[in-house]
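Dear colleague,

I am passing on a structure for you to look at, and below it I have written out what was found in it. Please keep it open beside this message as you read.

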Amino acid sequence: MPFNSNTTAGTVVYSPGEFFSGKVLANDQNLVSSTDYTTVLSVTLGKYERVAFRLWLDTQNDADGDLKWKVTTPASSTSFRARSVTPEVPISGAVTEAVTSETTATGVAEVTAVGTDSAYYVQLEGVLQGGANAGELAVQVAQNTSSATATVIKAGSYLEYMKF
């Protein structure tokens, strides 16, 4: 049962050394007729908490609505380091993936997947170091263009985490 000491913040966090599910979507979530972001997966963090995380976001996009997504962090976070993997749009035959590194304090800025009816996914792994404000590491999604045809966040999408 490890206790991890954050010497910078003067705090101690208990961690059993394994990832926990922050949330798993049990059912499909439809995004319909709105370009406003909604949080689908999140982890609540206290002041100065640190977290390692793994995200799998599985979607079915419609060409009329498409998808936009981002990851937000608590105000005053000091470091966000992550690696994202996303497919080509549309997925066709052997998949070509794009790998992107994020080195900010504010998460992942808006990313869009547009142009066609297509499956899409996001795989994101990283570490967040919180600052003086509590808040959430939040995965937010929306339609890129408002459409009555749903963009679907598929059941089984998940966010795992380990505080340290």
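A pocket, on a 1 Å grid over the protein atoms alone, is an open set of points where a 1.4 Å probe fits, with protein on both sides within 12 Å along at least five of seven lines, and its lining residues have an atom within 4 Å of a point. The model is predicted, so local features need pLDDT of at least 70 and side-chain atom pairs count only at pLDDT 80 or more, whereas totals for chains, interfaces and linings use all residues. Residues are numbered from 1 along each chain as its sequence is written, and side-chain values use heavy atoms, with hydrogens and water left out.

Ten residues line the largest pocket, and of these Asn6, Thr8, Thr78, Gln129 and Gly130 lie nearest its centre. By class, this lining has two nonpolar, seven polar and one charged residues, where Asp, Glu, Lys and Arg count as charged, Ala, Val, Leu, Ile, Met, Phe, Trp, Tyr, Cys and Pro as nonpolar, and the others, Gly among them, as polar.

Turning to the chain, its secondary structure comes to zero helices and 14 strands, where helices (H or I, at least four residues) and strands (E, at least two) are DSSP runs. The radius of gyration, taken over C-alpha atoms, is 17 Å, close to the 15 Å that the globule rule (2.2 Å times the number of residues to the power 0.38) gives for 164 residues, so the chain is as compact as a globular protein of that length. Along its principal axes, the C-alpha trace spans about 50 × 30 × 30 Å.

Of contacts (heavy atoms within 4.5 Å) between residues at least 6 apart in sequence, 84% join residues at least 24 apart.

Best wishes
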